[in-house]
Amino acid sequence: MSAQNWLSAAAPKAREAGSALFAGVFNTGIALGAFIGGRVTDTLGPTAVLCVGGGLALLALPVVVRAGRPGA
């Protein structure tokens, strides 16, 4: 089930508001990623962006694994 479907199921009487919230959070994530990536590039160089991204992916891995388990 996708995040947008989950959000619609959580608020069935406010689907438009849920969609707007989903789009806002998604766009905020893109903006923060671009901002942080730009700051890291300016400070440490382009290779550091890959290291920071990899580190963030490793930090997110337990959450993704747990969310993928039925009954979690």
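**Figure 1. Surface and overall dimensions of the protein chain.** The protein chain exposes about 5900 Å², and carbon and sulfur atoms supply 70% of that area. Accessible areas come from the Shrake-Rupley method with a 1.4 Å probe; for residues, only the protein chains shown count as cover. This is a predicted model, in which local features need pLDDT of at least 70, side-chain atom pairs count only at pLDDT 80 or more, and totals for chains, interfaces and linings use all residues. Residues are numbered from 1 along each chain as its sequence is written, and side-chain values use heavy atoms, with hydrogens and water left out. Of the 72 residues in the protein chain, 10% are buried. Buried means under 20% relative accessible area, exposed means over 50%, and partly exposed lies in between (1.4 Å probe, protein chains only). Along the principal axes, the C-alpha atoms fill a box of roughly 45 × 30 × 10 Å.

Figure 2. The protein chain has three helices and zero strands. Its pattern along the sequence is α-α-α. Helices (H or I, at least four residues) and strands (E, at least two) are DSSP runs, numbered from the N terminus. Mean pLDDT, the predictor's confidence in each residue from 0 to 100, is 87 for the protein chain, and 94% of residues reach 70 or more. Confidence is lowest in helix H1 (residues 3–10), with a mean of 76. Helix H3 (residues 46–67) has the highest, at 92.

**Figure 3. The aromatic pair Phe22 and Phe26****.** The structure holds one aromatic pair. Phe22 and Phe26 are stacked, 6.4 Å centre to centre with 20° between the planes. Rings of Phe, Tyr and Trp (its six-membered ring) pair if their centres lie within 6.5 Å; planes under 30 degrees apart count as stacked, over 60 as edge-to-face and the rest as tilted. Phe22 and Phe26 sit four residues apart in helix H2 (residues 15–44), so about one helical turn separates them. Phe22 is partly exposed, at 27% relative accessible area. Phe26 is exposed, at 52%.

**Figure 4. A nonpolar surface patch****.** Leu32, Phe35 and Ile36 make a nonpolar patch of about 310 Å². Patches are made of residues with over 30% relative accessible area and no salt bridge; like charges are joined within 9 Å, nonpolar side chains (Val, Leu, Ile, Met, Phe, Trp, Tyr) within 5 Å. A salt bridge is a side-chain nitrogen of Lys or Arg within 4 Å of a carboxyl oxygen of Asp or Glu. Leu32 lies in helix H2. Leu32 is partly exposed, at 48% relative accessibility.
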